[in-house]
Amino acid sequence: MKKIVFSLVLFFAFSAFTFAQDQKSNDPKMAAKLELNELVKVIPLESNLENGLYDLLVYKHVNLAKATSDKERNEVYSIMKSKIDGSLSPEQLRKLKSNKALYENLIK
């Protein structure tokens, strides 16, 4: 009987721990912060531009989580591409596009 109770308690403890980990990894603010940190490593940004891009990345993650079709996702990708391309100077954009993996990660 003790083994059964112990097994159930252990099972629920691991379930709660796993659920908490999933919640953190799906947090739009955390994902946006990680992407922004990667961007800042490649391109130095002014603080107001950094804050604006952070808000844009949060927007991306929130709307991609809500998106139910490919059309909605493609709209978010299109918005991200145009906003990032318009926010950065030509030199910054050139540096970003030279790092294709980062650029694709920011847009999609």
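Predicted model: local features only at pLDDT ≥ 70, side-chain atom pairs only at ≥ 80, totals over all residues.
Trainee: What does the secondary structure of the protein come to?

Mentor: The protein has 6 helices and 0 strands. Read from the N terminus, the order of elements is α-α-α-α-α-α.

Trainee: Why is Q92 called buried?

Mentor: Q92 has a relative accessibility of 18%. Buried means under 20%, so Q92 counts as buried. Q92 belongs to helix 5.

Trainee: Which residues does Q92 touch, beyond those up to four places away in sequence?

Mentor: They are I43, P44, L45 and L49.

Trainee: What makes the pairing of Q92 with the backbone nitrogen of S89 a polar contact?

Mentor: A polar atom of the Q92 side chain lies 3.0 Å from the backbone nitrogen of S89. The cut-off for a pair of N or O atoms is 3.5 Å, and the distance of 3.0 Å is within it.

Trainee: Which residues make the contact between helix 2 and helix 3?

Mentor: Helix 2 contributes P28, K29, A31, A32, K33, E35, L36, L39 and V40. From helix 3 come E50, L53, Y54, L57, V58, K60, H61 and V62.

Trainee: Why are helix 3 and helix 4 described in other terms, as roughly antiparallel?

Mentor: The axes of helix 3 and helix 4 come within 9 Å and cross at roughly 175°. Since angles over 145 degrees count as roughly antiparallel, that description applies to helix 3 and helix 4. Among the residues in contact are L49, L53, L56 and L57 of helix 3 and V76, Y77, M80, I84 and S87 of helix 4.

Trainee: What can be said of L49 and S87?

Mentor: L49 lies in helix 3. The C-alpha atoms of L49 and S87 are 7.6 Å apart, although 38 residues separate them along the chain. Beyond neighbours within four places in sequence, L49 is in contact with S87, L88 and Q92.

Trainee: What makes helix 4 oblique to helix 6?

Mentor: The axes of helix 4 and helix 6 come within 8 Å and cross at roughly 120°. Roughly perpendicular covers 65 to 115 degrees, and roughly antiparallel begins over 145. The angle lies between those ranges, so helix 4 is oblique to helix 6. The contact involves Y77, M80, K81, I84 and D85 of helix 4, together with Y103, L106 and I107 of helix 6.

Trainee: What makes the pairing of D85 and Y103 a polar contact?

Mentor: The side chains of D85 and Y103 are joined at 2.9 Å, a distance within the 3.5 Å cut-off. D85 is placed in helix 4. Leaving aside neighbours within four places in sequence, D85 is in contact with L93, K97 and Y103. The C-alpha atoms of D85 and L96, 11 residues apart along the chain, are separated by 9.7 Å.

Trainee: Which residues of the largest nonpolar core touch the most other members?

Mentor: Of its 21 residues, these are L39, L45, L53, I84, L88, L96 and L106. Helices 2, 3, 4, 5 and 6 each supply at least two residues of this core. Helix 3 gives the most, with 5 residues.

Trainee: Which residues does L45 touch, apart from those up to four places away in sequence?

Mentor: L45 touches L36, L39, V40, E50, L53, L88 and Q92.

Trainee: How much of the protein is made up of buried residues?

Mentor: Buried residues make up 26% of the 108 residues. As for contacts between residues at least 6 apart in sequence, 56% join residues at least 24 apart.

Notes. Residues numbered from 1 in each chain as written. Heavy atoms only, no water. Core = buried A, V, L, I, M, F, W, Y, C linked by side-chain atoms within 4.5 Å. Buried < 20%, exposed > 50% of the residue type's maximum accessible area, 1.4 Å probe, protein only. Helix = DSSP H or I, 4+ residues; strand = E, 2+ residues; numbered from the N terminus. Contact = heavy atoms within 4.5 Å. Polar contact = N/O pair within 3.5 Å; in protein donor to acceptor, adjacent residues only side chain to side chain. Axes fitted to C-alpha atoms, helices over the stretch in contact; angles between N-to-C directions. Parallel < 35°, antiparallel > 145°, perpendicular 65-115°, else oblique.
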